[in-house]
Amino acid sequence: MISFEIMKVEGIVIIEPSGALEQADFERLTEEIDAYISDRGYVNGIIIHTKDFPGWESFGAFTDHMKFIQDHHKKIKRVAAVTDSKFMSVAPGIANHFVSAEVKHFEYTDMDAAKKWIQEAD
């Protein structure tokens, strides 16, 4: 499960997983982000803030996650993985080869640095 907040003025979406990611999470996230993009045209950045990456509840959740990335990566300037997760710390290096958004890792306690980095893209 994930909770998220859209900081509309800053153009930042903060996503905080609290358990295995579910298909319904990506349906809600897609609906809210698409509405924001419809108004503004893009998102400055997404911050994924989690101590450890919780994984996916099902294969369907994984495929919905990949579809979300495919459908949105050209409308998001930067993605900050703010986590101590080993998986998420290497993900930016891999993701930078497949998405147009710039992806960077920050330590879990570096939320302010991640926000600053995203705001530099505006």
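This is a predicted model: local features need pLDDT of at least 70, side-chain atom pairs count only at pLDDT 80 or more; totals for chains, interfaces and linings use all residues.
**Entry 1. Overall layout**

I began with the secondary structure and recorded four helices and five strands. I then read the elements from the N terminus on, and they run β-β-α-β-α-β-α-β-α. The protein has 122 residues, and I noted that buried residues make up 40% of them. I also looked up the contacts with a separation of 6 or more: 73% of these are accounted for by residues 24 or more positions apart.

**Entry 2. The sheet**

Next I asked in what order the strands of the sheet lie. I found an open sheet of five strands, ordered β1-β2-β3-β4-β5, and its pairing is mixed. β1 and β5 (102-106) are the edge strands; each has a single partner strand, so one side of each lacks a neighbour in the sheet. On average, and with direction ignored, neighbouring strands are turned by 15° against each other.

I then went through the pairings of β3. β2 and β3 run parallel and are joined by four bridges. In this pairing I located isoleucine 15, whose bridge partner in β3 is isoleucine 48. β3 and β4 also run parallel, with seven bridges between them. Here I noted histidine 49, which stands opposite valine 82 of β4. I checked α1 against the sheet as well: the helix packs on it and touches β1, β2 and β3, and the direction of α1 makes about 10° with that of β1.

I also asked why β3 can be called largely enclosed. Seven of its eight residues are buried, so the rest of the structure largely encloses this strand.

**Entry 3. The nonpolar cores**

I turned to the largest nonpolar core, which holds 17 residues. Val13, Leu29, Ile33, Val43 and Ile46 are the members that touch the most other members. Two or more residues come from each of β1 (2-7), β2 (12-17), α1, β3 and β4. α1 gives the most, with five residues.

I examined valine 43 individually. Leaving out residues up to four places away in sequence, valine 43 touches Gly11, Val13, Ile33, Tyr36, Ile37, Lys75, Ile76 and Lys77. I recorded a second, separate core of eleven residues, which includes Val82, Phe106, Trp117 and Ile118.

**Entry 4. Helix α2**

I listed its buried residues as Gly60, Ala61, His65, Phe68 and His72. They lie on the same side of α2, because they cover an arc of only 145° around the axis. This can be set beside a general rule: an α-helix has 3.6 residues a turn, so residues three or four places apart point the same way. On the other side of α2 I found Phe59 and Gln70 exposed.

I then asked which elements the buried residues of α2 pack against. They are α1 (23-40), β3 (43-50) and β4 (76-83).

**Entry 5. Histidine 72**

Lastly I looked up histidine 72, which is found in helix α2. Is this residue buried or exposed? Its relative accessibility is 3%, and the cut-off for buried is under 20%, so histidine 72 counts as buried. Apart from neighbours within four places in sequence, histidine 72 is in contact with Thr30, Ile33, Asp34 and Ile37.

Methods
Residues are numbered from 1 along each chain as its sequence is written. Side-chain values use heavy atoms; hydrogens and water are left out. Buried means under 20% relative accessible area, exposed over 50%, partly exposed in between (1.4 Å probe, protein chains only). The arc is that of the directions from the helix axis to the C-beta atoms. Contact means heavy atoms within 4.5 Å. A nonpolar core is a set of buried Ala, Val, Leu, Ile, Met, Phe, Trp, Tyr and Cys residues joined through side-chain atoms within 4.5 Å. Two strands pair if DSSP finds at least two bridges between them. Axes are lines fitted to C-alpha atoms, for helices over the stretch in contact, and angles run from 0 to 180 degrees between N-to-C directions.
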